[in-house]
Amino acid sequence: MNKLLIEFLEMLDFSRTEAEELYPDWAATIDLLGLEEQDVRFAKEEWIPQHWDISIKGVRLCIGAYIRELIEIGKIKKYKERGIKVIYGISPSQPPCYSAIKIAGGEKVAVMYPDFLLSIVLGGFFNKLSLFTEDDSLLSERCRHCALNRTRINSSVRQVIPEPDVIWTWKLFCDEAAKTEELIQCLTDNHWDYIASGIPHDACLGEHEDKDPERITYLGNQFREGHRQIEEITGIEIQNKHVYAAIKEYANYTRKLDRLTRMVTNTDPQPVGGNELALFGTTISLIFNSGLTRFEEAIDSMIEEVAVRIQEGKGILPKGSPRMGCHFTPICVPWVDRLFRQNGVAVSFSSHVSFFKHEFLPFDYADPYQMLAQLWLRHPNSVNLGYHIELMVEMLKEYDIDAMLYGFFSFDRWLGSYQSMTLKEIEEQTGVRHFYIEGDFWEDRNYKKTDRKGRIESIAYFLKSNKLFTDANYSD
Ligand code: SF4
């Protein structure tokens with residue numbers, strides 16, 4: 001038995017017994033991915049301790065929960081041999097749609113987001129996403145295909161991610177996933193069913209899409225129809241009660257996440273960093289075949305530990321240091337958060353995976369699919385540019401930040417264009433300074449720490465000077 005793999009799990013709070021039980025599947029997963037002993041050692045001894053605050057139990061448990069789900073990828077072939085139906089989800093999508101399937105099918109079905117998970121785990125914890133992005137002969141970086149889809153295509157074609165029974169793909173933000181899916185099907189001999197759900201991006205500028213019954217019904221029916229097709233393909237019956245249960249599970253976690261986000265972002269000194277917060281936020285963007293229990297345990301522990309830090313006045317930087325929200329803290333490139341901190345700026349909440357009071361309003365619908373549709377259309381990133389600006393302005397009022405950081409999605413036709421078109425307007429309406437850094441959320445193959453150091457230092461310098469000036473004026 002490889003001692004290093006056991007120690008890796010123990011570092012993340014797995015007990016010795018749990019680690020030994022998981023070992024055969026863990027070792028098989030490491031082999032399947034092509035990770036070598038030196039990669040695991042580097043992750044354990046350098047990358048994780050440098051970029052993640054593993055002195056916090058909640059963080060250890062959360063990373064451990066992601067690793068547990070990674071091991072699920074290594075088990076897919078066995079699941080298929082046992083006749084278990086395998087369903088893949090992709091991002092961006094509405095995760096409770098998938099948890100409803102898992103709740104309905106239990107052990108008869110495995111539901112997961114393998115490529116999203118690979119990107120987070122290999123990038124964020126191993127600095128090794130290059131295993132699946134270096135070869136750009138199928139989807140090229142030069143054509144600005146995103147690294148998530150490049151990871152998907154390479155891991156699928158190489159059979160690291162075995163073919164599912166069905167993949168439910170979406171065109172809610174971007175249509176890159178659906179297109180990639182078609183290409184994968186052209187390139188492989190194995191074929192599987194795929195469902196593509198979407199909504200036309202034809203809302204008028206400023207239209208309140210979450211209040212448009214026709215739009216809600218259309219999107220709700222897309223979700224419903226997806227389930228009907230999954231039923232036909234897998235034989236698993238998905239009833240309304242399963243969808244309600246999925247919404248409840250999601251709401252339960254998001255309320256905890258919202259509490260944690262506000263505790264961290266609205267406390268000075270900021271008790272934990274942007275990476276740690278985004279780690280918990282990312283959980284709401286996918287579902288886990290291994291379940292949410294470990295993530296729940298992790299976030300409960302995190303909330304308690306953060307409360308203690310707040311009580312003791314402990315912060316990652318001294319009180320009064322500038323704090324900056326981010327569209328989505330790039331956790332697959334975790335040095336960005338740490339470099340800001342080294343320069344005296346605390347990265348705080350990620351607007352992409354945070355909530356504001358608008359999103360917690362009671363639903364106007366009793367039908368669970370319409371509830372999911374309304375929930376989707378309440379988020380600033382899911383709607384037309386005009387409404388996006390309006391919602392972002394509302395959201396920023398609820399967080400105590402000095403600035404917002406954007407970028408890392410310039411390759412993305414949806415998010416990238418939103419960022420370039422809305423920042424000035426949001427800045428003018430809120431008075432919160434907005435900054436932009438060219439980069440990639442998924443990987444740093446096109447930019448290195450040294451390339452971005454100057455930009456980060458100058459943003460930090462500006463924020464510190466501005467803060468000094470504002471505080472001085474304030475005390476006058
Ligand atoms: S292009 Fe953007 S929205 Fe689409 S899958 Fe890639 S990162 Fe996600």
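Predicted model: local features only at pLDDT ≥ 70, side-chain atom pairs only at ≥ 80, totals over all residues.
Residues are numbered from 1 along each chain as its sequence is written.

**The whole chain**

Begin with the C-alpha trace of the protein chain, which spans about 70 × 60 × 45 Å along its principal axes. Of the 476 residues, 48% are buried, that is, with 20 or more other C-beta atoms within 10 Å of their own, whereas 12 or fewer make a residue exposed and counts in between partly exposed, with C-beta atoms placed from the backbone. Among contacts between residues at least 6 apart in sequence, 79% join residues at least 24 apart; a contact requires C-beta atoms, placed from the backbone, within 7 Å.

**The sheet β2-β1-β3-β4**

Select next the open sheet of 4 strands in the order β2-β1-β3-β4, where the pairing is parallel; two strands pair if DSSP finds at least two bridges between them. Strands β2 (109-112) and β4 (193-198) are at the edges with a single partner strand each, so one side of each lacks a neighbour in the sheet. Neighbouring strands are turned against each other by 15 degrees on average, direction ignored. Strand β3 (residues 166-171) pairs with β4 over 6 bridges in the parallel sense, and Trp168 has Ile195 in β4 as its bridge partner.

Helix α9 (residues 176-187) lies across β3 and β4, at about 140 degrees to β3. Helix α10 (residues 213-234) lies across β1 (85-89), β2, β3 and β4, at about 170 degrees to β4. Axes are lines fitted to C-alpha atoms, for helices over the stretch in contact, and angles run from 0 to 180 degrees between N-to-C directions.

**The ligand**

Select the ligand and its shell: Ser91, Pro92, Cys146, Leu148, Asn149, Phe173, Cys174, Glu176, Ala177, Asp412, Trp414 and Leu415. By class, the shell has 8 nonpolar, 2 polar and 2 charged residues; Ala, Val, Leu, Ile, Met, Phe, Trp, Tyr, Cys and Pro count as nonpolar, Asp, Glu, Lys and Arg as charged, and the others, Gly among them, as polar.

**The sheet β6-β5-β7-β8**

Move to another open sheet of 4 strands, ordered β6-β5-β7-β8 with parallel pairing. Its edges are β6 (346-350) and β8 (433-437), each with a single partner strand, so one side of each is left without a neighbour in the sheet. From one strand to the next, the twist averages 35 degrees. Strand β5 (residues 323-326) runs parallel to β6, joined by 3 bridges; Arg323 has Ala346 in β6 as its bridge partner. Helix α17 (residues 415-430) packs on this sheet, touching β7 (403-407) and β8, and its direction makes about 160 degrees with that of β8.

**A last stop at Gln50**

Finally, select Gln50 in helix α3 (residues 37-51). Is Gln50 buried or exposed? Gln50 counts as exposed because it has 11 C-beta neighbours inside 10 Å. Its C-alpha atom is separated by 9.2 Å from that of Pro334, 284 residues apart along the chain.

Technical notes
Helix = DSSP H or I, 4+ residues; strand = E, 2+ residues; numbered from the N terminus. Contact = placed C-beta atoms within 7 Å. Near = placed C-beta within 6 Å.
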